[in-house]
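Let's look together at the open spaces of this protein. Have the sequence and the model at hand as we go.

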Amino acid sequence: MHGVKQVRYSREALAAKKERERAKLKEYQSLTAEVLARKAQNYDSESFGLTTKLLQINPEFYTVWNYRRTILLDGLFPQRTAAEINDLLSDDLSLTTALLKQHPKVYAIWTHRQWCLQQVPDGPTETDPHGWRQAYWNKELFVVERMLDADPRNCRGYSLIHGRVLTSDTIHIVHAWNYRRYVLAEMPVKRSEASELAYTKRKIEANFSNFSAWHQRSKVLASLWAAGKLDRKKSLEEEFDLVKNAMYTEPNDQSVWIYHRWLIGPGDDKDIVEREVTSIQELLEEQPDSKWCMESLVFYNGLLLRRYRDLFPAERRQELGRECLELLRKLQDLDPDRKQRYIDLSRDSLYASH
């Protein structure tokens, strides 16, 4: 393995090492056989302890996780008070925390962690039935937001579990933003959408390349607009100001341009589309080799020709078509990997002179 120093063993040391490995394997096989033999009918504390021991050796043993959950539901929970059940779940969450520090990519651990959070009973009192649940979910939200602080975009998936960063190159199972959405949805006391907008804005302003933050912002805005909780016209203008600042700061970052296209949508407002085209043309003058400026101008001018062709005089239609064709020719040189795509776009009759 890369970065691991090779260790040379003597013949005796190698034989001793192999013997230890055989003993461990035998112990594991014996423990596995015992746990699986109990699986059909034993749901007691002893069986629960054996699953703990086995999962600490092999946390990918999904069947044993299922058995553990059955023991809790059918064997241990019915005999205990709500406070005792809460303590059991707290212990299991601590178990998953410890295992995730060593095995952050194992789906089964994350699945059990989520299951534990969903089983938290009412309490601690009748007047505060959501107290335990809210405390757990608040902690989970803190954890996931620390993940995002460790890696703002979380494209490669750094994870942090209760204060320790797990720096694996690719942790595919937990995309922090997706998990954060799950946590927010499960919280008994929901976080306000206004506070979520403020959170995404902080993350975006810290890093304009944070695609996930832009995406989350679009989901929140769409929800607020649909519910009539936010003035769409006013907030849309504020979003154009935000994205314009990002475009001028990071003109070659696709996250910004994708969000801009989401704001434009189907181009229902001709004045806004034309205004944004003018703004992008000004940026292109400052950044003459900006691929995204050129692509966006082709896209938005094409949108104008499709939606509002009959509103333009023939001369203006021809001018827009020529501008698009010229930009597509430049893009063939600027972005040779996608040359054929630009050639194909150039053949669109939309840009032909009429």
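Q: How much space lies in the largest pocket?
A: On a 1 Å grid over the protein atoms alone, a pocket is an open set of points where a 1.4 Å probe fits, with protein on both sides within 12 Å along at least five of seven lines. Its volume is the space filled by probe spheres set on the points, which are joined across faces, edges and corners. For the largest pocket this comes to about 300 Å³.

Q: Which residues lining the largest pocket are the closest to its centre?
A: This is a predicted model, where local features need pLDDT of at least 70 and side-chain atom pairs pLDDT 80 or more, while totals for chains, interfaces and linings use all residues. Residues are numbered from 1 along each chain as its sequence is written, and side-chain values use heavy atoms, without hydrogens and water. Lining residues have an atom within 4 Å of a point. There are 17 of them here, and the closest to the centre are R232, L236, L263, I264 and D269.

Q: Which helix gives the largest share of the lining of the largest pocket?
A: Helices are DSSP runs (H or I, at least four residues), numbered from the N terminus. Those giving two or more residues are helix 9 (211-226), helix 10 (232-249), helix 11 (254-264) and helix 12 (270-286). The largest share, five residues, comes from helix 10.

Q: Which helix gives the most to the lining of the second largest pocket?
A: This pocket holds about 210 Å³ of space. Helix 7 (176-186), helix 8 (193-206) and helix 9 each supply at least two lining residues. With three residues, the most comes from helix 7.
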